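Keep the structure open as you read.

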Amino acid sequence: MSRHAPGPSKLFAVLLFALTCAVVLGLPGARSVSAQQAKSSDAAYEAQRLAADPDAPGPVQPIPFSHALHAGKYQIDCLYCHSGTDRSRMAGVPPVETCMGCHAQFGSDLEGVQKLQEYWKNQQTIDWVRIHRVPDYVKFRHNRHVAAGVACQTCHGPVQDLHKLYLVPDTKWVNGMPADKLKMGWCLSCHWQNKASVDCLTCHY
Amino acid sequence: MPELDRRDFLKLVGAGAGAAAAAGCSERVTKLIPYVIQPETITPGIPVYYASTCRECPAACGVHVKTREGRPIKLEGNPAHPVNKGALCARGQASIGRTYHPDRFAGPLQRGSDGKLSPIAWDQALDVLAGKLRESAAQTWLLGADRGPTGNEVLARFVSAVGLGGRIVYEPFAPESLRAATAAVFGIDTEPLFDLSKADLVISFGGDVLETGSSPTEHARQLAEARDVATKERGGARFVYVGPRLSMTAGNADEWVVAKPGTEGILALALAKAAIAAGAGAEGGHGALASLAGGLDPATAAARTGVDAKTIERLGAALAKAKAPLALPPSTGLTSARGVATAGAVLVLNQVLGAVGNTVQIPAGSGTKTTSYKDLLALVDAMKSGKVSVLLVHDADPLYSMPASSGFAEALAKVPFVVSFASSIDETTNAAHLVLPDSTPLESWGDASPRPGVRSLLQPTLAGLFDVRSIFDVLLDAGRKLGAEVAAKLPSGDFRSILEAAWSDTAWRDALARGGVFAETAPTGAPGLAAGVAKLEVAEPRLDGDGPFTLLAHPSPMLSDGRGANLPWLQELPDPVAKITWQSWAELGQEAADKLGLVTGDVVVVETPTGRAELPAWVRGGLRDDVVAIATGQGHGVGRYASRENDGQPGEVRGVNVLSLLPTLTDEAGGRAWLCTKAKVTPAGRKERIAFSQASDNKRQRELGETVSLAALLGEGGHGEAAEGEGVGEGSAGEHEFIVPYNAVDDAAATALHRWGMSIDLDRCTGCSACVAACYVENNVPVVGEEQVIRGRLQAWLRIERYVTEGELDYRGGRPARSSHESLGNVDVRYSPMLCQQCGSAPCEPVCPVIATYHNPEGLNGMVYNRCIGTRYCANNCPYKVRRFNWYDYNLKNFPEPLPLMLNPDVTVRGQGVMEKCTFCVQRIELARQKAKNERRAIADGEVTTACAQACPTQAIHFGNLKDAASVVAKKSADAKRGYHALQELNTRPAITYLAKVTRGSVEG
Amino acid sequence: MTPPPPAVSVADMIRPVPTPPDSQANQDILAVMGRPTLPYWLLLGFLVAFVHAAGAVWVYQVYEGLGIAGYSHPIFWGVYIVTFVFWVGIAHAGTLISAILYLFRSKWRNAINRSAEAMTVFAVLTAAQFLGIHVGRIWKSYFILPYPNQRGLWVNFKSPLVWDTFAITTYATISIVFFYVGLLPDLAIARDRSTGWRKLLYTALALGWHGTGRQWKAWNRSVLHLSGLATPLVLSVHSVVSWDFAMSIVPGWHATIFAPYFVAGAIFSGFAMVLTVMIPVRRIFGLEAYITNYHFENMARFILLTSLIVGYSYSIEYFIAWYSGVEPEQTSFWYRAFGPYWISTWIMIICNAVVPQVFWFPKARTHIPTIFVVSTLVNVGMWFERYVIIISGLSREYDPAVWGLYTPHAAELTILAGSFCFFAMFFVAFIKIFPVIAIAEVKELVIHERAHGQGGAH
Amino acid sequence: MPLLVGVFDAPGNVVGSIERLRNRGYDEVEVYCPAPFPEIDDALIEKPSRVRLFTLVGGLAGLFTGFLMTIWMANDWQLVVGGKPFTSIPPYVVIGFELTILFGGLMTLLGLLVFGGLPHGRFGVPDPGYSARFSAEEFGVTVRCKERDVAEVDALLRANSAKEVTLVEP
């Protein structure tokens, strides 16, 4: 609960937010991107191809983003893009700004990055297809699990090896019944194992 | 990710919390939409708080706006603000709904030739406005409420620069009489400040300071401080209420003096005289008094006021004896054509008692200076005679809030071009030709200064939801369109820059952070009496018409002057006294009703010289039999919630607008008079179902809303039950030898760090219902509407029960008798908040077949919505009846767009067919737990509190960890003399300890 | 004894066993199952139609929410639960007659046990539906079963509602088994005398019953054991139902007398229903030879007895309320008799405790119209008994601020009516498909009498 | 082998003939009764039916299931309701009882099928010698014997006042 009062940053925030909303409402954005860089590695091209592969499991995303490339090859820390996940109930999904932080500099020869820059130019939001979700009456807390040292892969699968993301199936058995990934029994089996709270009110309220 | 949340809610609202499970929402393709640029302060999932100011009433309480992903979801009191010190009243709590109101205008509108309002673009709208101004600036008038120092300044500059006819600052409940009286008595045109916290004897002459006064939250807190039995000796201040009606404020008094309405001034003078006779100290007012209260010996005063001489002498003596007495002037309802004299008399009494400079301050420039009512009436005449060609209306609904007899309607019809700045539909806007929607308080910059030294800021916490613009920027732009010379006279820049400039004398960012600059000015001392005193003519007021009844048009605590009527929460919150929702009702005294052969629910015709109205009667003992009382606020014909739905479409008039009955009278100084007519009351011969939220105020001597006499508390015998400790109260005195004393701490797991508990101090609870409103907003509690309330389906998790006296074991047949146990001159009202008691051995738990409700390790009575199958056995078995069932998918039916945006994302929205109830705001506990858990410690006292406790103006509710012996709640719960548990003979082992209300008895001379 | 005739050659003896005219009992009772008449079809058609109408209302309720019913805080249970308890009560006569009277070897049961058992089965089926109709989230109601699930959750066996689920399920199962076992020999009889689809049906159901020695031996034993099991069951089921209320702390519910009180009431209403149904059936299908006034008189005696028990319970409830000195209890009962629900209360007292007293007079016990009227009134009275207990109890609880009132709405009343049609539908169909009287057991008597040459069909 | 059918009116005679046939060493005897007559069954089969065993086993199984299930489930995931102990016997008695009855009843049905030899014969094909009159009010006694004994059996049955005796199979 960040009850600290709004400093200059907050004001800035409010204005920025106003701007964002205005943009969402379709007013023209004011920024542009220079794209003059060296050619990307073949690995990058390969990754992009695989990430876009319609036959691979998982939904086709607006941008062929490869976790295997970023988290795997380049070893970028999850929290670098998904910031806030260690502080908040919700996982931080990187704003376009974050992506542009790097891709303003390079990768513009990749069609995926071009798409990204397109989004940025029009100040549009990227509508990713959601893959991991729990019902709304389940109050999952990312920060708690990060604090407890649960690896992201535990729930999200080996993202560092996945070019195209999907709900990597995993089944635990509870009372002889199969509990699929992100189902209650699946969460519980881990909670029981690690002596985490299994009080109903921990997740349901 | 606002969009994401909205989608979530839409789905939630669509599918319902539980039903979603069946739907298997994980299969549904949903989008994950991040920001383009994420504001650095916003971390999705973590609330951010911004300090701002509530603009529901002139009191200008400071608020913290709780935002999630840049979206305000709740208003909380600003602890740093001197007015409300962290509390926030029901109206403030509900005001967040204005921003997400389904009636809001998406953008500017113009009335076309077809008579319908149709959207136009802003610049187009501005051209239209500018054009009108160019044509007839001199015949243009600006009518609206006070907008704070800077706002007023800008408006004034605009008026002069463009050369408008003038500006009317209009506030229907403005205490003009009091201002005039202060001017007359002390020669200073200001509003006196009353500090109840210092007083040891408060006598209110019809001043309903706790619900509809100038600053209810503040006064409630002060009164509670003054009467705190823990710190003040002998029960602290005594409180006497003078007036014809047992209002909420009166219900909190020790003694109720039933005076004839309008004779408060006379009584005040008589008391002053009696006080002097008993040797009141201050020389101040004696001279003036002699001239004013020449012949007012107790006997004559008694004859004129209907208060017997003995009482007058007794009270006089008491006032004389009191160290810090305080007399409060009448508030709106009792302001008569003699308003100035009455208020003046009260001020004189204060002067005589030496209260001025002590409990009464007369600081220059306090309160809001409104235009005199007579000037407004003059404008109405001008409008009638076609002298006004353009009327700009903002922050006011005069077409509703002006008495019909003033002819405002006809006058407005004569105005060729009416511009409204309202952000959502109201009566006046419905008649406007151009609508330029202003931004709501949560979206706008601004400031307010309720009294010298206290400057409070508003800052926007939401933008882009609607295409609306601040009235100031609109007017400035329109003005600038009129040419360079006008523009030159206008302040430069937009309103925000103007505001910042106006605050340049302060540390702007600091001020924003704290919510303003709060430098309380030093006491003003006691100014001497001015010559004006002699001119006061204290006498019975003029009342138009004839008829056995005096019409008392008292302000509604929830709807106020009608501005609250379109907020569903305020409609559904039961009136603190009548416990009626969504409707208008006429209060009649018991005897009067018996004479007319009326019972509660019978429709009566109330006739005055200026109008007639039909509305159901509520028969009560707490009202003089020569008075009929009707609350303001209802009677709207537009607005989704303000008006009744008529085959699916709003537009049928809801209830009665009492203003249609009032003649247009003014007080001596031209201020607005409310107590101004007699009325005839006749049965209409039909019945109407009243939307009561409470069946009966007879508690049948059961262990609810207990009291303990002061004598008993001080261990001086009297009622002995206090000594019993457990099971305080007349009803339970020594009867329950089978009650097992218990320790609520035992009902938590030994290993748990917390046992959540609550203490509720009935001696502090005023019944204001702020907690209820807070609960509604915090927990996404649905509003169900009039018809459902009548069918007994109110969804409130927390309700305030209003019991009168210990009650009797009446075995009347038929329906439970609505007619109250009140009686004239007798105050024994017990307000008792009732919410889930989180019982240690809860009757609701073992009967649930699926363990949807259970007892968690920290002592909470958990309710798992998605497990519930809706057998409703738990609710049957709950003796406190605090469980509510979703008979329909209320959240689907009653949360039209964009209301879902204000739902609390941390609380599941309950779907059709599940049980719901209070869980001590477990979502707040979970949030607080994060920090504590990271630091491997228990949640500290004060680190988490429930929405109800937080909102309470008097801090009657304390929430915390009972396992922590040092916590406030643990200490409070340990109170052996006042502590009791509701219906303890059932041995449910509640976690809530009530502290019995202290009966201090009537004031001794 | 005649001397054996001279032996003839084997060849001469070869010929099929001739079939003489069928026995009187078979003819009479199977005649009931004869070709349905037009009025029969009309009646059945109406019933089916109404059941569907009620079903439509229920679907609408599931879609809209229980709000369309008359529920009102704090009365969370209404007509649905009332009707549930009512039908469970009705269901008691069958097993009682079949099981308990069987153990007591009171042969007069033979004439009525078949139809009574049928009623039991149909009544239980009707009642069971109301558990589903009543809950807020029918689509989640399977949560109430203790089945292994990935959530790792079980049910709360401390909850009377779970007891109820088990009791009703058991009772339904056992009643059906009992009904079927009793039906076996008659199915064989029907099989031997039917053609077409009926032949097929009965052949299948009869499981090749021939009435051989070992079949009868096993059958006798099974019926004995089933009776032995069903007797405590029938007493337990309504006790459990009564605990749905007695286990709570609601004034007017929380009473130790409830179990015996409810069981007596159940038998009371059960017998009344059997009479209400059988009197017309006997009349229409001319079964006077089998269901005689003697049977009716015995049942009237039972009604008189149980009526006395029920009446006693009423008075005891009030006595305890007064004697306990618990004010909420006293208040609740006062309002029960003189409050908003006084009409229901007095209907219940008069119909259940007063009217049946006419059976003290043998004339009344043997006068069929009287019996019919009384039994019908008892049914009405027993429905209102449950209504009074549930509604008036809930409407006057501990917190006077939230006292409330409840009046049933159209939806509930439609579904209530629908439940009667549902029950009737099954029974009407049953009349034409299965023998309404246990033929084999009737024959047992007939043959005995023929063997020992006694008279009178008792 | 030939099959004779004797038709009787009185159960007493049936019992008589059965005993006689047994004494003469005829084992393949079967009776068809229209109604339950324990004396006949007992004459045919001496030892008491073992259905009782099934009932007992079923009942006990139910009882144990009832208690073990409730106690185990309440402790498998311990959730406090109404501050009551997890293993609280009184409420579980109800479940125990109900399951006793349920299982007992179902096992009894099973017993009937097993010991009653149901389903009996091929679908829709009656035993040779069975006829509809045995589901009316007459009794049938069928005897399968060697050809040379036909006469004796015939005589024996008639001697026990069989209404008629017929040979349905040579």
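How many residues does the contact take from chain C and from chain D? It takes 72 residues from chain C and 82 residues from chain D. The model is a predicted one.

**The interface of chains C and D**

- The two chains bury about 6,700 Å² between them. Carbon and sulfur atoms account for 72% of that area.
- In chain C, Lys158(C), His210(C) and Lys217(C) lose the most area to chain D. Together they make up 12% of what that side buries.
- The size of an interface is often given as the accessible area lost when the parts come together.

- Between chain C and chain D the count is 1 salt bridge.
- The side chains of Lys217(C) and Asp42(D) meet in a salt bridge, at 2.7 Å from N to O.
- There are also 21 residue pairs in polar contact between chain C and chain D, with both residues at pLDDT 80 or more.

**What chain C brings to chain D**

- Several helices of chain C give two or more residues to this side, among them helix 1 (10-13), helix 7 (160-192) and helix 17 (439-452).
- Helix 9 of chain C gives the most, with 18 residues.
- By class, this side of chain C has 39 nonpolar, 20 polar and 13 charged residues.

- Over all chains, the count comes to 83 salt bridges.
- Arg480(B) and Asp477(B) form one, at 3.3 Å from N to O. Both sit in helix 18 (residues 471-480) of chain B. They are 3 residues apart, so about one helical turn separates them.
- Arg480(B) is partly exposed at 29% relative accessibility. Asp477(B) is partly exposed too, at 23%.
- Arg612(B) and Glu614(B) form another, at 3.7 Å from N to O. Arg612(B) is partly exposed at 47%, and Glu614(B) is partly exposed at 33%.

- The side chains of Glu786(B) and Arg654(B) meet in a salt bridge at 2.8 Å, N to O.
- Glu786(B) lies in helix 27 (residues 786-790) of chain B, while Arg654(B) lies in the loop between strand 27 (649-652) and strand 28 (678-687), so the pair ties together parts 132 residues apart in sequence.
- Are these two partners buried or exposed? Glu786(B) counts as buried at 12% relative accessibility. Arg654(B) counts as buried at 6%.

**A network in chain B**

- Salt bridges that share partners join Arg245(B), Glu587(B), Arg620(B), Arg802(B) and Glu822(B) into one network.

Methods:
Residues are numbered from 1 along each chain as its sequence is written. Chains are lettered from A and ligands numbered from 1 in the order in which they are written. This is a predicted model: local features need pLDDT of at least 70, side-chain atom pairs count only at pLDDT 80 or more; totals for chains, interfaces and linings use all residues. Side-chain values use heavy atoms; hydrogens and water are left out. A salt bridge is a side-chain nitrogen of Lys or Arg within 4 Å of a carboxyl oxygen of Asp or Glu. Helices (H or I, at least four residues) and strands (E, at least two) are DSSP runs, numbered from the N terminus. Buried means under 20% relative accessible area, exposed over 50%, partly exposed in between (1.4 Å probe, protein chains only). Contact means heavy atoms within 4.5 Å. Buried area is the accessible area (1.4 Å probe) that two parts lose on being put together, summed over both. A polar contact is a pair of N or O atoms within 3.5 Å; within protein, one must be able to donate a hydrogen and the other to accept it, and residues adjacent in sequence count only if both atoms are side-chain atoms. Ala, Val, Leu, Ile, Met, Phe, Trp, Tyr, Cys and Pro count as nonpolar, Asp, Glu, Lys and Arg as charged, and the others, Gly among them, as polar.
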